Amino acid sequence: MNFKLELPEGTIFINRTEFKEVLQEILLEVQGDNVNEEIMTIRDAADYLKVSVPTIRNMIANKEIPFFQRGQVIRLNRRDVKEWLRNNSSL
């Protein structure tokens, strides 16, 4: 698989973190994540994180984990949960 990285002229990366963020965004676009696979139910999130459903519900109630709600339906975005897990793995 070949990639060609084209950036607008004058684009400057201040640090390694910014460059890494851009590469992650590009990777997500290239992978073409399926939207249906990204959205998880509370049960899906519990299975993914290997915790109980009540644990996920408590985390949502305490706003400890990223989620979104449409009416009474609560869902979690897999990408947000992965990022949250990566940022909170040292806890």
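The count of salt bridges in this predicted model comes to 2; a salt bridge here is a side-chain nitrogen of Lys or Arg within 4 Å of a carboxyl oxygen of Asp or Glu. One of them joins Glu38 and Arg79. Another joins Asp47 and Arg43. The chain has 91 residues, and 18% of them are buried. Buried means under 20% relative accessible area, exposed means over 50%, and partly exposed lies in between, with a 1.4 Å probe and protein chains only.

Residues are numbered from 1 along each chain as its sequence is written. The model is predicted, so local features need pLDDT of at least 70, side-chain atom pairs count only at pLDDT 80 or more, totals for chains, interfaces and linings use all residues, and side-chain values use heavy atoms, with hydrogens and water left out.

**Layout of the chain**

- The chain holds 5 helices and 3 strands.
- Along the sequence, their pattern is α-α-β-α-α-β-β-α.
- Helices (H or I, at least four residues) and strands (E, at least two) are DSSP runs, numbered from the N terminus.

**The Glu38–Arg79 salt bridge**

- Side chains of opposite charge can pair when their charged atoms come close.
- In the pair of Glu38 and Arg79, the closest N and O atoms are 2.9 Å apart.
- This pair links distant parts of the chain: Glu38 is in helix α2 and Arg79 in helix α5, 41 residues apart.
- Helix α2 covers residues 35-38.
- Glu38 counts as buried because its relative accessible area is 10%.
- Arg79 is partly exposed, because its value is 37%.
- The side chains of Glu38 and Arg79 are also joined by a polar contact of 2.9 Å.
- A polar contact is a pair of N or O atoms within 3.5 Å; within protein, one must be able to donate a hydrogen and the other to accept it, and residues adjacent in sequence count only if both atoms are side-chain atoms.

**A second contact at Arg79**

- The backbone nitrogen of Arg79 lies 2.8 Å from a polar atom of the Asn77 side chain.
- Asn77 sits in strand β3, which spans residues 73-77.
- With a relative accessible area of 16%, Asn77 is buried.

**The Asp47–Arg43 salt bridge**

- Between Asp47 and Arg43, the closest N and O atoms are 3.4 Å apart.
- Both residues lie in helix α3 (residues 42-49), 4 residues apart, about one turn of the helix.
- Asp47 is partly exposed at 45% relative accessibility.
- Arg43 is partly exposed too, with a relative accessible area of 48%.

**Surface patches**

- Patches are made of residues with over 30% relative accessible area and no salt bridge; like charges are joined within 9 Å, and nonpolar side chains (Val, Leu, Ile, Met, Phe, Trp, Tyr) within 5 Å.
- Lys and Arg count as positive and Asp and Glu as negative, while His and the chain ends are not counted.
- The place of a charge is taken as NZ of Lys, CZ of Arg, CG of Asp or CD of Glu.
- Accessible areas come from the Shrake-Rupley method with a 1.4 Å probe, and for residues only the protein chains shown count as cover.
- Negative charge gathers in a surface patch of Glu18, Glu21, Glu25, Glu29, Asp80 and Glu83.
- Helices α1 (16-31) and α5 (78-88) each give two or more residues to the negative patch.
- Its largest share, 4 residues, comes from α1.
- Glu21 lies in α1 and is partly exposed, with a relative accessible area of 44%.
- Positive charge gathers in a surface patch of Arg16, Lys20, Lys82 and Arg86.
- Helices α1 and α5 are the elements that give two or more residues to the positive patch.
- Lys82 belongs to helix α5 and is partly exposed, at 41% relative accessibility.
- Leu5, Leu7, Phe19 and Leu23 make a nonpolar surface patch of about 320 Å².
- Leu5 is placed in the segment before α1, and with a relative accessible area of 45% Leu5 is partly exposed.

- Val81 lies in helix α5.
- Val81 is buried, because its relative accessible area is 0%.
- Val81 and Pro66 are 15 residues apart in sequence, and their C-alpha atoms are 6.4 Å apart in space.
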